Amino acid sequence: MTERTARGNATTWGAAVWVLGVLVLLVLFPLTARDRLPDRLATHWGAGGEPDDSMPFWAATFFPALIWLLLAAVAVVSLWRARRSAGGTVAAPGWAGITLGFTGVTLLGAQASVVRANLDRADWRDAGPVTGWAVATLAGAVAVGVAAQVIGRRARVAGPPASGPSMEIPEGQRFVWLSRTSNRWLHVTGAVSGIVAVGATVAAVGGLAGADAWSLAGALGLVTVVVLACASVQARVTEKGLEVAFGPLGRPTRRWPADAIASARVENRTAMQVGGWGYRLNGLGTTVMLRGGECLVIRTVKGKDFAVSVDDAERGAALLNSLIGRRAK
């Protein structure tokens with residue numbers, strides 16, 4: 001399996017977890033609060049903040065889930081067609097990621113707001129206002145949509161390195177080498193913890209849980225960020241040196257200018273050797289371990305080693321060594 005295919009599979013797994021998680025939360029959340037909700041729920045508010053329309057409980061529960069299923073189905077079919085037409089090597093179309101992110105957060109926020117407004121009310125006409133939560137939901141949905149767009153752009157730009165055995169760098173010519181690796185299981189772990197964090201947040205917003213839910217959401221949100229930051233990595237060699245970017249957004253980033261690198265080489269390493277997956281520190285130095293096998297290893301002028309598990313590491317090392325040799329002249 002090529003690196004780009006693995007990245008596409010990781011994206012597909014993450015999208016599947018998100019689609020399923022949002023669907024479960026949309027249905028489960030109002031069902032959990034059934035005994036504290038009226039038979040009809042206020043689902044629309046006028047300009048003055050007063051409820052002016054309602055739905056039966058079953059409709060308010062399943063209608064958002066139906067909308068979500070329809071949109072998710074369109075996005076999944078689009079992804080499947082795109083990957084099939086390109087031999088399974090492309091990421092999802094950019095609009096698909098934006099749609100899934102923006103719409104998922106919007107529907108979850110709306111469902112939480114509706115449940116909270118109707119909670120412990122005898123009649124839907126007595127439901128509380130939702131303006132503040134609606135604004136917060138929209139802001140969160142926009143942020144997630146923007147992040148999805150950035151991730152989609154990086155996935156399309158960060159393709160596999162060009163083929164060709166030549167390592168000569170003509171004088172005055174610019175060059176670039178790119179390689180990216182991702183770990184499917186770390187992506188799935190991050191997606192699952194993220195869904196649980198979203199669920200805890202929705203429960204807290206909806207009034208079904210107290211401060212403990214906010215604490216759980218914050219802790220799992222942090223876990224999600226850390227795991228996803230270690231789930232993918234991109235190495236880039238230019239005339240400036242080596243740049244290693246982490247996570248779907250390419251942040252954080254570590255850089256080594258050419259004059260800070262003493263040498264570059266390729267080593268085969270395993271997770272057992274370096275102490276596990278992700279960002280590891282041990283006697284071998286620092287290793288970003290996402291899959292066993294060849295790693296690009298640099299030794300800095302200070303004598304410290306840094307390794308990253310990426311494909312085509314030999315080409316990256318050769319370019320770095322050529323660059324170092326040119327700078328030494």
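Is arginine 36 to be classed as buried or exposed, or what lies in between? The relative accessibility of arginine 36 is 34%, and the residue therefore counts as partly exposed, where buried denotes a relative accessible area under 20%, exposed one over 50%, and partly exposed the range in between (1.4 Å probe, protein chains only). The model is predicted, so that local features require a pLDDT of at least 70 and side-chain atom pairs count only at pLDDT 80 or more, while totals for chains, interfaces and linings use all residues. Residues are numbered from 1 along each chain as its sequence is written, and side-chain values use heavy atoms, with hydrogens and water left out.

Charged pairs were examined next. Side chains of opposite charge can pair when their charged atoms come close. With a salt bridge defined as a side-chain nitrogen of Lys or Arg within 4 Å of a carboxyl oxygen of Asp or Glu, the count comes to 10 salt bridges. Arginine 36 takes part in one of them with aspartate 120, with 2.8 Å between the closest N and O atoms. Because arginine 36 belongs to the loop between helix 1 (3-32) and strand 1 (40-45), and aspartate 120 to the loop between helix 3 (94-118) and helix 4 (131-157), the pair ties together parts that are 84 residues apart in sequence. Helices (H or I, at least four residues) and strands (E, at least two) are DSSP runs, numbered from the N terminus. Aspartate 120, at 54% relative accessibility, counts as exposed.

A network of salt bridges links Arg265, Glu267, Arg269, Arg299 and Asp305. Within this group, glutamate 267 forms a salt bridge with arginine 265, the closest N and O atoms being separated by 2.7 Å. Glutamate 267 is partly exposed at 24% relative accessibility, and arginine 265 is likewise partly exposed at 25%. The side chain of arginine 265 also meets that of aspartate 305 in a salt bridge (2.8 Å, N to O). Since arginine 265 lies in strand 7 (residues 261-269) and aspartate 305 in strand 11 (residues 305-308), this pair ties together parts that are 40 residues apart in sequence. Aspartate 305 is buried, at a relative accessible area of 12%.

An open sheet is formed by 4 strands in the order 3-4-5-6, with antiparallel pairing; two strands pair if DSSP finds at least two bridges between them. Strand 3 (176-182) and strand 6 (253-257) stand at the edges with a single partner strand each, so one side of each is left without a neighbour in the sheet. Strand 3 and strand 4 (residues 232-238) run antiparallel and are joined by 7 bridges. Valine 176 stands opposite threonine 238 of strand 4.

Helix 5 (residues 184-205) contains 22 residues and reaches 31 Å from its first C-alpha to its last, close to the 32 Å expected at 1.5 Å a residue, the expected span being 1.5 Å times one less than the number of residues. At the N-terminal end, helix 5 is capped by asparagine 183, a side-chain oxygen of which lies 3.0 Å from the backbone nitrogen of tryptophan 185. Just after helix 5, glycine 207 adopts a positive phi of about 85 degrees. Glycine 199 is found in helix 5 and is buried, with a relative accessible area of 15%. The C-alpha atoms of glycine 199 and valine 22 are separated by 8.6 Å, although the two residues are 177 residues apart along the chain.

Conventions
Polar contact = N/O pair within 3.5 Å; in protein donor to acceptor, adjacent residues only side chain to side chain.
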